[in-house]
Amino acid sequence: MADAPALTPVAIRLAGISKRFAHRVKGDLYAVRAVSLAIAPGELLTLLGPSGCGKTTTLRMIAGFEEPDAGTIVIGERDVTHLMANERNIGFVFQSYALFPHLSVFENVAYGLRVQNKPPAEIARAVGDVLGLVGLGGYERQQPHQLSGGEQQRVALARAIVFRPRVLLFDEPLSNLDAKLRVQMRDEIRQLQKRLGVTTVYVTHDQEEAMAISDRIAVMDRGELVQVGSAEALYHRPASEFVARFIGRANLLRGRVTAVRDGAAEVDLGGHGVRVAGDGTVAPGDTVRLVIRPERIAIRPPAEPGLRATVLSRTFLGEKAEYQVGVGDQVLQVAQYSQPDGRTFQAGDEVTLALPSEGVHILAG
Amino acid sequence: MKAFPQAMAARWRRLTRDPLLAGAVVVLWLLLGLFILYPLACLLASVFAEDGALTLRPLLAVAGDPNNRRAFANSLLLASLVGLGGTVLAFLFAFTAARARLSPRILAVLDAATLLPLISPPFTVSVAILFSFGPRGLITYRLLGMNNVTAYGLTSTALAEIVTYFPIAYLTLRPVLAAVDANMENAALSMGATRWRVFRTVTVPLAVPGLANAFLLLFAASLADFATPLILAGNSFPVLPTQAYLQITGLFDLKGGAVLSFLLLLPAAGVYLLQRFWVGRASYVTVTGKAGSQSNAMGLTRTARALLVGGCAVVGAAIVYFYALLLYASLVMAFGANHAWTLQHYRVIFTEGLPAIRDTLIIAGIGMPLGGLYGVLVGYLVARKRFAGRHAMEVVAMINYALPGTIVGIAYLIAFNAPPFEIAGTALIIIACYVFRYSPTGIRATIAQLQQIDRSIEEASQSLGARSGTTFRRVTLPLIMPAFFAGLGVVFIRSMTAISATIFLVSISWTLITVRILENMTEVALGPAAAFSVFVIVVVFVVLVGVRALLARLHAPGGASVETVLGG
């Protein structure tokens, strides 16, 4: 199948899909609420969020295991909202692998082709090819319970791609593997996905995994979609405190806009002014929060200009040192990467913090 | 609330987009309606309706008869005695098995002795008791030289039922006792309690829900038992099932029989409710798949161990003696009179008795796969699919299993003796009775098995393009094979041994071995009765071993064994 011509990738469109479920105590709850999302042909999009945010339910609705209470799902040009999973031509990789325990590796992978009544010769060739592709050539006769977790995951992957689905869906596929294998497998999945050019939706709660594997990330919180964008965009320009805190670490500083000039805002942080690229909506007098990543703050001796602060603690971590510093009644985290002549500070030291304007992102409200 | 119609609409859409599921649900409901709800409705109509009007008159008339009131009281008395005695015996066996640290071989012997009553026709023990304690009995007449003794009445009936049914209680008690946490006992020991005190204050209280459940199971089994009292109770000790039978076969009073069987329904329903809503909630012990490690359970004193093992040995020996006696009686000319060896009785059952053997095997052979399939299908739908009335289906499918056989038999007789569904006298009515009465064990085994199989395995099949029928056939069915075979085995075994319901359903064209045994007993043809019994036990045993070997080959993960399934 490695030589088979690539199929034209398809787009996926979710338009306002919702899913309610009945809760024993709280009554009707939304697992997913009015999620709209366009996934480009050949793109790998990750649904990221804490457990219970609705990401898996969204994925299962795309797969056809759940039916939305409202909204539509379009794959390619076809409205699949009310189609069963077996009519959607999707490959699904489960968190638990879900290999058929009574079938050999070969029969597991061949299953989808057998359902389609493909001729045996073609099945043998396709299964052999795809097992080679995932590095399991020669494993045909093994039973699933004889395989390691990583091998089982590869069989699950092979089974999902062997019949050339138009869409590939992953539900936390790596969460049962150990840390090292997880990194290796995610790179393999990414390479394979690029090679096949198949539109892919990937669910994870691990932000690092999401950033490493995705073209774009869709962050979900309490059933709603909160922001969609590339890893860089989410990191540098989070739309909300939730996203800022969920992707990487973030300091949030309260301030007041004193002036807006040339699209940039002057923000007063208790006596110290910073110039920040505005988002076009803030006006003088607004209270805003500024998102500053720990590594963007420079920590300097007290004589230099900047925000006055006191070192509360310092933790040396090898490549960097982390400081907790007090600014007024707020505590900020600062990461200082080791430099040959780098000056260090101790708890109790008075310091100033420099906030470069391009490293600060403004959140309204 | 507008969520409700939306939910209904979603359910409807789900049904219509999976026509196979919809078809299966509709067909099953039609079958459940025809073979469970309709006969029950006919029975109730016969009890409560006269000339198209509701009335209590037949019920009051039957309840007003002092004879019937005595039968009712006798039934309750007998059931209580059997419940108590059987629970004590079952506890003795279960506690010994769990705590006496017997070697596996001795344990296997213990289990084999308890298995015998489970796989034989229900009146086998009664026959053996007659052989032992009857007017010409081996013990009463030969050994003790007593004359004019009678083996009929409450004592012998209760004894026979205790021996027959205590293995059911043993099977349910054993996991409960094995699961009593040894650490609790050790905690009590460490606080200075003696072993006897720990047993009284910790072990037994923890097992109380299990004991209550065992008592209720035995109570229900005795209440429903028809064959033992028919043989042993005699005229002085009438009970409800036999009264109902005599009312119908002797007096041709179908309505009176229906009303009597309805009286039986009241305590049976009470037992069911107690089990479901009281015992179910009061369990302290969680019985999981793994029996807890028994190595560190509280040890027994030498005397206690000797008493326990001795008690089990006596009971076990008694059971073996009963069955040996049966075998002996089948091999001699006339038990009690002429003890010359002969194969004549076997010749009789394979010539004159051949139609009964043939009919029974045909009926069991047809019912077996049907029952297995039906059990797996209902279990699968109930455990895995979402459709309207799913819970109701589970409950309805259990009804004929929970009801005493006398009620089911009379209900079938009333329902299928007249148009529109006139199938009385055919093999179909007997097969249907067995399938819908004994498949629920298969249903339960299927549900238990499916609860251990992750749902995503079926979703994986679906995502690979398989329709629900294909998924069931290629993925689910192979995985629930153990439940299928266990359910199928139970249907076969019960088809070979049951009598209480089907005695009302046999005809000139279709009869059963168990019915023939009963006829032989009343004609005092004890030899052929014994030979028939031995034949049934051998066939059932062979099938049991076969099913067991099959299950072992499927190496079912946590699979239900036929023995445990028989106990439910």
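Which residue in β2(A) does A:Arg20 stand opposite? That residue is A:Tyr30. The legends below take this pair and other details in turn, all from a predicted model.

**View 1. Strands β1 and β2 of chain A form a hairpin.** Strand β1(A) pairs with strand β2 of chain A, which covers residues 27–39. The two pair in the antiparallel sense. Count the bridges between them: there are 9. A link of 3 residues joins β1(A) to β2(A). Look for A:Arg20, with A:Tyr30 standing opposite in β2(A). In a regular strand, side chains alternate between the two faces of the sheet.

**View 2. Strand β1 of chain A also pairs with strand β4 of chain A.** Here β1 (residues 12–23) meets β4 (residues 70–75). The strands run antiparallel, and 5 bridges join them. Start from A:Arg13: the bridge partner of this residue in β4(A) is A:Val74.

**View 3. Two domains of chain A touch.** The domain assignment places residues 12–244 in domain 1 and residues 249–364 in domain 2. Their centres, taken over C-alpha atoms, are 39 Å apart. Where the domains meet, 6 residues of domain 1 are in contact with 6 residues of domain 2.

**View 4. Chain A meets chain B.** On the chain A side, 21 residues take part, and they are in contact with 23 residues of chain B. Two elements of chain A each supply at least two residues of this side: β6 (90–93) and α2 (105–115). By class, the chain A side has 11 nonpolar, 7 polar and 3 charged residues. The size of an interface is often given as the accessible area lost when the parts come together.

**View 5. Helices α19 and α23 of chain B pack against each other.** Two packed helices are described by the angle between their axes and the distance between the axes. Helix α19 spans residues 427–438, and helix α23 spans residues 481–497. Their angle is about 130 degrees, and their axes lie 10 Å apart. The helices are therefore oblique to each other. The crossing of α19(B) with α23(B) is right-handed. From α19(B) come B:Tyr434, B:Val435 and B:Tyr438. They meet B:Val490, B:Val491, B:Arg494 and B:Ser495 in α23(B). The contact has 5 nonpolar residues, 1 polar and 1 charged.

Terms used:
Residues are numbered from 1 along each chain as its sequence is written. Chains are lettered from A and ligands numbered from 1 in the order in which they are written. This is a predicted model: local features need pLDDT of at least 70, side-chain atom pairs count only at pLDDT 80 or more; totals for chains, interfaces and linings use all residues. Two residues are in contact if their C-beta atoms, placed from the backbone, lie within 7 Å. Helices (H or I, at least four residues) and strands (E, at least two) are DSSP runs, numbered from the N terminus. Ala, Val, Leu, Ile, Met, Phe, Trp, Tyr, Cys and Pro count as nonpolar, Asp, Glu, Lys and Arg as charged, and the others, Gly among them, as polar. Two strands pair if DSSP finds at least two bridges between them. Axes are lines fitted to C-alpha atoms, for helices over the stretch in contact, and angles run from 0 to 180 degrees between N-to-C directions. Angles under 35 degrees count as roughly parallel, over 145 as roughly antiparallel, 65 to 115 as roughly perpendicular and the rest as oblique. A crossing is left-handed if the near helix is turned anticlockwise from the far one by less than a right angle, and right-handed if clockwise. Domain bounds come from an automatic or database domain assignment.
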